[in-house]
Amino acid sequence: MILKEKKTKLHQILRTFDRLAVALSGGVDSMVLLAEAHRVMGKRVMAITARSVLFPPSEITDAEKIARELCVDHVMVDVDVLAWPDFIANPPDRCYICKKRIFGTFLTQLAKMGIHHLAHGANLDDQKDIRPGMKAAEALGVAAPLLEAEMTKADIRALAQDRGLFSWNKPAMACLATRIPFGTPVSAKILIQIRDAEKILSDAGFEGCRVRHHGAIARIEVAAADLGRLVSPEMGTYISAKLKAMGFSHVCADLSGYVTGNMNQLP
């Protein structure tokens, strides 16, 4: 199915909702979903975003920006994930626990507003990775219009570029807890270390980087094409010094480069 046909299907799906809230994360998928829903539904669509230590401030800023540009009502919900003992324990189904709680909170708040349908930006490519959060969304009846319309990440970026959305080429982002090995307790200190370390790398020009947290060790993943620059004497010394000043004892580069869902593959 070509993109034009997928877009038509997406619009048909969106027309089935009387009112709809889009779980807006600040990533390109949910931004495109919101933009297309607004095009089809107008004022009958709104956005809702979780504000948490799990997400860098830049993601919240981008979510606010797209909602403002589209003139869409936007509700921000503060979520204290560190108050959930089962989440803090960081089991393999951590993402399921988190998504179920957050989406459950959204649905409760939306029901008070008379809105009974919530959608998120899951797409066809998400099925290639381990995504417990998608199962949580399904269990709660959260719609996935992009997935239902068979849209891939490439399709979504093409739509975003066609619409002139600032996010069209934005690197994929996942919550900061995905950088922590299962079984290692999640804490504010670790999440902030990861957030600040990735900001240093991003400011140095490494887009879509990841800093995997292994206690005293920071394992850096960047695009394979950027590995040479990362480990060059000047850049390597700079990044190492910055991350050690944040509390890491050892800073290393993963020679495999950035791999989506890398922590899911570790024993």
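Modeller: Gladly! Buried residues make up 48% of the 267 residues in the protein chain. Please keep in mind that this is a predicted model. With 267 residues, a compact globule would have a radius of gyration near 18 Å, and the value for this chain is 19 Å, so the two agree. The C-alpha trace spans about 55 × 40 × 30 Å along its principal axes. Take the contacts between residues at least 6 apart in sequence: 73% of them join residues at least 24 apart.

Four strands form an open sheet in the order 3-2-1-4, with parallel pairing. Strand 3 (74–78) and strand 4 (118–119) stand at the edges, and each has a single partner strand, so one side of each is left without a neighbour in the sheet. Further in, strand 1 (residues 20–23) runs parallel to strand 2 (residues 45–51), and four bridges join the two.

Helix 2 (residues 28–41) lies across strand 1, strand 2 and strand 4, and it runs at about 165° to strand 1. Helix 3 (residues 57–70) lies across strand 2 and strand 3, running at about 160° to strand 3.

Elsewhere in the chain, strand 5 and strand 6 (residues 217–221) pair in an antiparallel way through five bridges. Arg-210 has Glu-221 in strand 6 as its bridge partner. Two residues lie between the strands of this hairpin, where Gly-215 takes a positive phi near 65°. Four of the five residues of strand 5 (residues 210–214) are buried, so the rest of the structure largely encloses this strand.

Cys-98 shows the reasoning well. The closest cysteine sulfur to its own belongs to Cys-175 and is 5.9 Å away, which is too far for a bond, because a disulfide calls for sulfur atoms within 2.5 Å. Cys-98 is buried, with a relative accessible area of 7%. Cys-71, in contrast, counts as exposed, because its relative accessibility is 53% and the exposed class is over 50%.

One last stop is a loop. Glu-150 is found between helix 7 (145–148) and helix 8 (153–163). Its relative accessibility is 35%, so Glu-150 counts as partly exposed. Lys-6 is 144 residues away from Glu-150 along the chain, yet their C-alpha atoms are separated by 6.7 Å. Leaving aside neighbours within four places in sequence, Glu-150 is in contact with Met-1, Lys-6, Lys-9, Leu-124 and Asp-155.

Definitions and conventions
Residues are numbered from 1 along each chain as its sequence is written. This is a predicted model: local features need pLDDT of at least 70, side-chain atom pairs count only at pLDDT 80 or more; totals for chains, interfaces and linings use all residues. Side-chain values use heavy atoms; hydrogens and water are left out. Buried means under 20% relative accessible area, exposed over 50%, partly exposed in between (1.4 Å probe, protein chains only). Two strands pair if DSSP finds at least two bridges between them. Contact means heavy atoms within 4.5 Å. Axes are lines fitted to C-alpha atoms, for helices over the stretch in contact, and angles run from 0 to 180 degrees between N-to-C directions. The radius of gyration is taken over C-alpha atoms; the globule rule is 2.2 Å times the number of residues to the power 0.38.
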